[in-house]
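Hello,

Here is the structure we talked about handing over. Please have a look at it before reading the notes below.

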Amino acid sequence: MKKIRSAIINDKRHRIVWRKLGREKADGLAWPDICQIEIEERLSSIDAFDTLIHEYLHRALPDIEEDKVYKMANEITNMLDKADLIKR
């Protein structure tokens, strides 16, 4: 899987950092103050994709509640996976 290093979210470039997040006990983190998203580097490709979408949604739609972000990310991931658009 190619790991992207940046993305434009709400007209701002965000760094995407792939690293071990064991201490944080999280698959992903979004840092609005420094325009950065961190993704656990040991995730499978489908889980990494879902986590990246999840953290992207947090930055793009900051007022959306966690449970709705979780559901939206899962729905997007499942739809694209069923369409065979996610490489494993």
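Leaving aside neighbours within four places in sequence, which residues is Glu 55 in contact with? Contact here means heavy atoms within 4.5 Å, and the residues are Gly 28, Leu 29, Ala 30, Ile 37 and Ile 39.

Some ground rules come next. This is a predicted model, with residues numbered from 1 along each chain as its sequence is written. Local features need pLDDT of at least 70, side-chain atom pairs count only at pLDDT 80 or more, totals for chains, interfaces and linings use all residues, and side-chain values use heavy atoms, with hydrogens and water left out.

Sheet

Helices (H or I, at least four residues) and strands (E, at least two) are DSSP runs, numbered from the N terminus. Two strands pair if DSSP finds at least two bridges between them. An open sheet of 4 strands has the order β1-β2-β4-β3, with mixed pairing. β1 and β3 (28-31) are at the edges with a single partner strand each, so one side of each has no neighbour in the sheet. From one strand to the next the twist averages 25°; axes are lines fitted to C-alpha atoms, for helices over the stretch in contact, and angles run from 0 to 180 degrees between N-to-C directions.

Strands β1 (residues 6-9) and β2 (residues 12-19) run antiparallel and are joined by 4 bridges, with Ser 6 facing Arg 15 as its bridge partner in β2. Their hairpin has 2 residues between the strands, and Asn 10 takes a positive phi near 50° there. β3 pairs with β4 (residues 36-40), also over 4 bridges in the antiparallel sense, and the partner of Gly 28 in β4 is Ile 39.

Helix and charges

Helix α1 (residues 45-60) lies across β1, β2, β3 and β4, at about 160° to β4. Glu 55 lies in this helix. Glu 55 is buried (under 20% relative accessible area; exposed is over 50%, partly exposed in between; 1.4 Å probe, protein chains only).

Arg 19, Glu 24 and Glu 38 form a network of them: Glu 24 to Arg 19 at 2.7 Å, and Glu 38 to Arg 19 at 2.8 Å. The latter pair links strand β4 to strand β2, 19 residues apart.

Regards

Terms used
Lys and Arg count as positive and Asp and Glu as negative; His and the chain ends are not counted. A salt bridge is a side-chain nitrogen of Lys or Arg within 4 Å of a carboxyl oxygen of Asp or Glu.
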